[in-house]
Amino acid sequence: MKFEDLGLSPETMKAIKECGYETPTPIQAQAIPLVQMTRDVIGLAQTGTGKTAGFTLPMIDALSGGRAKMRMPRSLILEPTRELAAQVAENFDTYGKYHNLSKALLVGGESMGEQVKLLEKGVDVLIATPGRLLDLFGRGSILLNDIKILVIDEADRMLDMGFIPDIEKIVSLIPPTRQTLLFSATMAPEIKKLTTKFLSNPKEVSVAPAASPAETVEQFLVETSSKGKNALLEELLGSEEVKNAFIFLNRKRDVDIVAKYLEKKGYAAAALHGDMPQAKRTETLQKFKDDGITLLVCSDVAARGLDIKGVSHVFNYDVPMNADDYVHRIGRTGRAGKTGRAWMFATKYDEKFLEAIYERIKRRLEVTNMQNNFVQDKPNKPKKPSSKKQKSSKKPTISDDGDDIVGFGEDIPSFLR
Ligand code: AMP
């Protein structure tokens, strides 16, 4: 199928051509005609499949005729995270370039005043995270009676993040005559329930996940101890041709610590996690896109679904506790036909998680031997109890945690040998 066969407007076609897209992706080929027929749609697809254009392209054409009233948006797209909401908003700007549609992005952490001003003028497309939307609704800044198209994107992620009650509340505020599109990578029972309740005679379309990461991402596993991770990371940053990289950690607190450590060592590194103020998150992401920052140390929530082109490496500083997260993490590299390299640092405590990952990716990873596997980044000096020069109160960093042992010694677990 060609884009020309989809009956999109000449303005939308022009914008698509400028993006360099040649043919619709499978989810686009299936979803666009259904959205054009004003059908409710359940789309089983994850990020990377082109699903955003699958709903934004026909929405832009559908909305191009009318005009928004004050405080009454004409369409609503719900996204689980601020970053995904911002990405969808960018897509609207790109694909809607030759239309005169107005949009507002309503996400937590950004100034409410600006968002309310835009809403007051009237917007065609409102892209929001559930919490902030309900907040503004509660203050009477917004009315949902004129919503003609509702998109619930990344429904499974919404479920993981506990947003389903918020979604239910929001949907109950929108007239049932709307068209509803729901996208989810998986169909958990709770999401199935949501579709029966809120979609009317929906048509289901599904696509296999985007090219399996195994095809475009080379994966490596290194055995280490938690104290050896910094030295290992630095060794790899020196030996690999790292243009830029996502470095994933499991805990937000550690994200800050490792980002600071790398900064101190002179790397252009910065942290990205859900506890940071939104303005800082946006600024950091932009710097990463513009190559001002080359190492983005982050948590899963902040990085989920981010589509940044040309990322050469992913480092799993911590083994993710969820096998799907591993696939998402390494999928940040090897995008758009490029290849990427993904490294994972495993300790003896990760056996269970590694097994789940192997099951998910349908292969086992061989252990790569490195010089610094079990070495602290600063070698321990022998203790000199009488020396006056010896510092007694060192600032704790994760690289410098005293003189206790590093590595497993004889204790290396069999699965890592
Ligand atoms: P998404 O799954 O919506 O996050 O899209 C993933 C990536 O695919 C984005 O970088 C889009 O710009 C790109 N994309 C979307 N549709 C097409 C297409 N028809 N051809 C080529 N790339 C596309």
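This report describes the overall fold, the ligand site and two further local features of a predicted model.

Residues are numbered from 1 along each chain as its sequence is written, and side-chain values use heavy atoms, with hydrogens and water left out. Because the model is predicted, local features need pLDDT of at least 70 and side-chain atom pairs count only at pLDDT 80 or more, while totals for chains, interfaces and linings use all residues.

**Overall fold**

The protein has 16 helices and 13 strands; these are DSSP runs numbered from the N terminus, with helices being H or I of at least four residues and strands E of at least two. Of its 417 residues, 53% are buried, where buried means under 20% relative accessible area, exposed means over 50% and partly exposed lies in between (1.4 Å probe, protein chains only). Among contacts with a separation of 6 or more, 76% are between residues 24 or more positions apart; a contact means heavy atoms within 4.5 Å. The accessible surface is about 19,700 Å², and carbon and sulfur atoms hold 51% of that. Accessible areas come from the Shrake-Rupley method with a 1.4 Å probe, and for residues only the protein chains shown count as cover.

**Ligand site**

The ligand is surrounded by 14 residues, the closest being Y21, Q28, G48, T52 and D307. The shell consists of three nonpolar, eight polar and three charged residues. In this scheme Ala, Val, Leu, Ile, Met, Phe, Trp, Tyr, Cys and Pro are nonpolar, Asp, Glu, Lys and Arg are charged, and the others, Gly among them, are polar.

| Residue | Ligand atom | Distance |
|---|---|---|
| Y21 | oxygen | 2.4 Å |
| Q28 | nitrogen | 2.7 Å |
| K309 | oxygen | 3.5 Å |

Taken alone, the ligand exposes 500 Å², and the protein buries 80% of that.

**Q278 and the cysteines**

Q278 lies in helix α13, which covers residues 278–289. Q278 is buried because its relative accessibility is 5%. The side chains of Q278 and R82 are joined by a polar contact of 3.1 Å. A polar contact is a pair of N or O atoms within 3.5 Å; within protein, one must be able to donate a hydrogen and the other to accept it, and residues adjacent in sequence count only if both atoms are side-chain atoms. Leaving out residues up to four places away in sequence, Q278 touches R82, E83, G108, G109 and E110.

The structure holds zero disulfides, a disulfide being a pair of cysteine sulfur atoms within 2.5 Å. C298 is buried, at 0% relative accessible area, whereas C19 is partly exposed, at 27% relative accessibility.

Notes
Near = heavy atom within 4 Å.
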